[in-house]
Amino acid sequence: MHTIDRSKLERLLHLEELKFHIEHPRSYALYQRARKSLHGGVPMLWMIRWAGSFPIFVKEAKGAHFVDVDGNDYIDFCLGDTGAMTGHAPEATVAAIQHQAARGITLMLPFEDAIQVGEELQRRFGLPFWQFTLTATDANRFVLRMARMITERPKVLVFNYCYHGSVDETFIVLDEDGTPISRPNNMGPQIDPIYTTKVIEFNDIAALEMSLSTKDVAAVLAEPVMTNIGIIHPDPGYHDELRRITRKYGTFLIIDETHTICTGPGGYTAAYALQPDFLTIGKPLAGGIPAAVYGFTSDVADRFDTRLVVEDSDVGGIGGTLAGNALSIATMKATLEHVLTPAFYEKAIRLQEKFTTGVEAVIQEFELPWIVKRLGNRSEYWFRPIPPRNGGEAFAAIDHELDRYMHLFTLNRGILLTPFHNMALISPETTDIDVDYHTAVFREAVVGLLV
Ligand SMILES: Cc1ncc(COP(=O)(O)O)c(C=O)c1O
């Protein structure tokens with residue numbers, strides 16, 4: 001089995017950084033200019049966390065590719081970290097944007113497209129009632145409020161190293177001794193999450209039972225498969241237990257499908273017949289136009305309605321002036337109808353299988369202690385020999401230097417992977433050629449490291 005020579009890795013990384021600098025002069029110049037007006041030189045703080053020493057500035061994107069301001073062409077396997085899983089600028093989405101933008105963008109009144117989207121969401125996810133927000137973060141924030149309001153319980157429960165957007169209650173992890181702590185570098189929390197939240201490891205049924213048995217937990221907020229610390233599948237039978245135990249203690253189950261919509265048209269929920277009380281999802285629903293939704297059962301709707309004071313429904317903490325705007329909804333309708341279709345998933349999942357097989361073959365060829373995991377049209381490789389069962393194990397396996405090398409090596413050869421981990425998504429327009437090219441570049445990166 002091969003191991004990595006760390007000093008060689010350091011040297012290679014340095015060479016890749018030089019290559020990156022030489023090939024991105026216009027991005028560099030724009031970055032220098034941007035630093036004078038944008039905090040950190042980027043529109044949003046986390047955009048400084050790419051593998052190069054400055055961000056690439058994009059000229060345009062279409063389908064599975066984008067071109068930067070220096071004229072470099074990239075295959076995009078990041079796809080806006082799922083926001084552009086539809087491919088960039090899909091025709092039906094763009095047509096809907098153009099059509100609706102000319103007829104009113106935000107109305108503060110409902111219109112018929114919203115009903116059609118509600119009906120389609122019912123069909124896909126099986127829940128009867130739906131509401132619209134602009135981001136998955138907001139969808140999660142609002143369902144947590146609803147759950148606490150209905151149950152009159154103060155706490156929520158999440159899994160170690162989950163990510164559900166910038167939702168205050170979720171920034172909690174277990175330290176090395178298994179003690180809950182505010183997630184390191186949690187920026188200015190309004191309240192320490194140890195007071196609002198219980199945190200346990202994914203796949204730990206005993207910890208779940210113990211945490212909920214005190215009957216102070218309003219809701220469990222869960223991705224059905226963890227995706228934000230790599231892909232972590234549930235153990236066989238885990239979801240049955242999660243549902244049984246949440247029901248037993250009167251705790252709501254919220255399933256966040258924002259990333260696991262990679263599984264199929266109805267997400268993991270439809271594919272595995274889950275029965276959540278709430279479901280949240282955002283990102284690709286409108287092809288990248290800000291749009292998200294949350295759905296819930298009739299029982300939730302009834303119990304919520306008995307507590308709702310309509311006169312204060314605009315100032316009760318669940319809202320957003322632009323939420324449910326006409327442009328988002330019309331775009332969502334078109335994207336669901338024409339882009340995120342069963343045919344798309346069929347093709348994308350086949351290609352993702354090919355992507356995974358390609359990476360696996362290289363891992364085997366060089367006897368690397370690495371693995372690759374897949375969920376629908378998403379895959380991710382790990383620098384550890386066996387799949388982690390929970391967030392704690394996954395976090396311990398992170399190798400920042402190796403991550404950075406793989407990202408920069410591929411970026412310098414025209415491939416964009418998702419930052420922060422080694423994730424790849426397939427869009428409707430990704431091709432066999434794109435996937436084969438990735439396999440070849442991945443192999444080249446490995447060869448450079450080992451030989
Ligand atoms: C599972 C999950 N839920 C919610 C969100 C929040 O999405 P947004 O940042 O679009 O609000 C994310 C973002 O990465 C996510 O991964």
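This note sets out numbered points on the predicted model shown above.

1. Basis. Residue numbers start at 1 in each chain and follow the sequence as written, and side-chain values rest on heavy atoms, with hydrogens and water left out. As the model is predicted, local features need pLDDT of at least 70 and side-chain atom pairs count only at pLDDT 80 or more, while totals for chains, interfaces and linings use all residues.

2. Thr151. This residue belongs to helix α5, residues 136–151 (helices are DSSP runs of H or I, at least four residues, and strands are runs of E, at least two, numbered from the N terminus). Thr151 is buried, at 16% relative accessible area (buried is under 20%, exposed over 50% and partly exposed in between, with a 1.4 Å probe and protein chains only). Its side chain reaches the backbone oxygen of Ala147 at 2.7 Å. Beyond neighbours within four places in sequence, Thr151 is in contact with Ala218, Gly250 and Phe252 (contact means heavy atoms within 4.5 Å).

3. Leu411. Helix α13, residues 400–411, contains Leu411, which is buried at 8% relative accessibility. Neighbours within four places in sequence aside, Leu411 is in contact with Phe20, Ile56, Tyr74 and Leu416. Thr335 lies 76 residues from Leu411 in sequence and 29 Å from it in space, C-alpha to C-alpha.

4. Second largest pocket. Its space is about 1,200 Å³. A pocket is an open set of points on a 1 Å grid over the protein atoms alone, where a 1.4 Å probe fits, with protein on both sides within 12 Å along at least five of seven lines; lining residues have an atom within 4 Å of a point. The volume is the space filled by probe spheres set on the points, which are joined across faces, edges and corners. The lining has 42 residues, and Trp130, Gln131, Phe132, Tyr294 and Ile318 lie nearest the pocket's centre. At least two lining residues come from each of α4 (112–125), β4 (129–133), α5, β12 (292–296) and α9 (298–305). By class, the lining holds 24 nonpolar, twelve polar and six charged residues (Ala, Val, Leu, Ile, Met, Phe, Trp, Tyr, Cys and Pro are nonpolar, Asp, Glu, Lys and Arg charged, and the others, including Gly, polar).

5. Cysteines. The whole structure contains zero disulfides (a disulfide is a pair of cysteine sulfur atoms within 2.5 Å). Cys78 is in no disulfide, and the nearest cysteine sulfur, that of Cys262, is 14 Å away. From the side of Cys262, the sulfur of Cys78 is the closest, but too far for a bond. Cys78 is buried at 5% relative accessible area, and Cys262 is buried at 0%.

Notes:
Polar contact = N/O pair within 3.5 Å; in protein donor to acceptor, adjacent residues only side chain to side chain.
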